[in-house]
Amino acid sequence: MHYEGDIIRPPSEQDSILLQVATGCPHNRCTFCGAYRDKVFRVKDDAVIQEDIAWAARHLVSMRRLFLCDGDCLALPQDRLVGILQSIRGQLPWVARVGSYGSAASIARKSDTQLAELRSLGLSFIYMGLESGDDAVLRRVGKNTDSARMIEQGRRLNGAGMRLNVTVIAGLGGVEGSLAHARETARVLNALSPDMIGVLSLMLIPGTPLHDEYERGDFLLPDTIGLLHELREMLRGLDMRRGLLLANHASNSLPMTVRLPRDKADALALLDAALEGRVPLKPEHMRTL
């Protein structure tokens, strides 16, 4: 496979074929993110993509899922994305699910007909970085969107028959905005009703604007206990009829898998026990991105 740079994929795609069809992220201005700072967004040459698909057809016949890399491949022109999906279906017929990152901006650039076309060709799982439901936080970290737009575009994905995985970042509101960030994020998650919620804890990356704010004292990061309080407040506010909350990312101090609404009470009890010191937390040096 012709990989360029570090390959970023969601934790739930650990057993997937990783097909890099683009490099970088078309937005690449979120102040907390350092994943694509060294890459310019471009779609890779079709010959290279087709060669990688052919290689997967020979060597990865036991893998039933495929993930399109890099960031926000939904931003690819429709004809390029359609061609890639057609090649995957033709050469990798055993692949049951194709996933991709997708921002509200890239979803908005697709018509309902185009989204339905992509779904019919196998693109069925989109990971959208909500990060926060608090519009003030979204403005501060440079997301270039607001909660209303993300709700609208997430619902359009559902309307096209795609499953939605939403990522949120505990700590992104800082100490002062922690609880508002949690409550507003719960509000937006309730409106989106995603199939999966991935919870990460903010880890400041040197070289990013948010890390610079932290170094200047302009941003205060909640400590471990503060992050747990924030997660509890968000979970308390969730009122979803279905969904899976995964807080098992390596950045989190208390890994949890919560099937909503069934496990909500037990998860809140676990968080209370952790806050009272009755449940061991992951050592700080073991938390990582």
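**Exercise 1.** Which strands does helix 6 (residues 147-159) lie across?

*Solution.* Start with the ground rules. This is a predicted model, where local features need pLDDT of at least 70, side-chain atom pairs count only at pLDDT 80 or more, and totals for chains, interfaces and linings use all residues. Residues are numbered from 1 along each chain as its sequence is written, and side-chain values use heavy atoms, with hydrogens and water left out.

Helices (H or I, at least four residues) and strands (E, at least two) are DSSP runs, numbered from the N terminus. Now find helix 6: it lies across strand 6 and strand 7 (163-170). Its direction runs at about 165 degrees to strand 6; such angles run from 0 to 180 degrees between N-to-C directions, with axes fitted to C-alpha atoms, for helices over the stretch in contact (heavy atoms within 4.5 Å).

**Exercise 2.** Find the strand order of the open sheet, then its edges.

*Solution.* First, two strands pair if DSSP finds at least two bridges between them. Eight strands follow the order 1-4-5-6-7-8-9-10, with mixed pairing. Strand 1 (17-20) and strand 10 each have a single partner strand, so one side of each lacks a neighbour in the sheet. From one strand to the next, the twist averages 20 degrees.

**Exercise 3.** Compare two pairings in this sheet.

*Solution.* Take strand 4 (residues 65-69) and strand 5 (residues 97-101): they run parallel, joined by four bridges. Here Leu66 stands opposite Val98. Next, strand 9 (residues 243-246) and strand 10 run antiparallel, with four bridges. There, Leu246 has Thr257 as its bridge partner.
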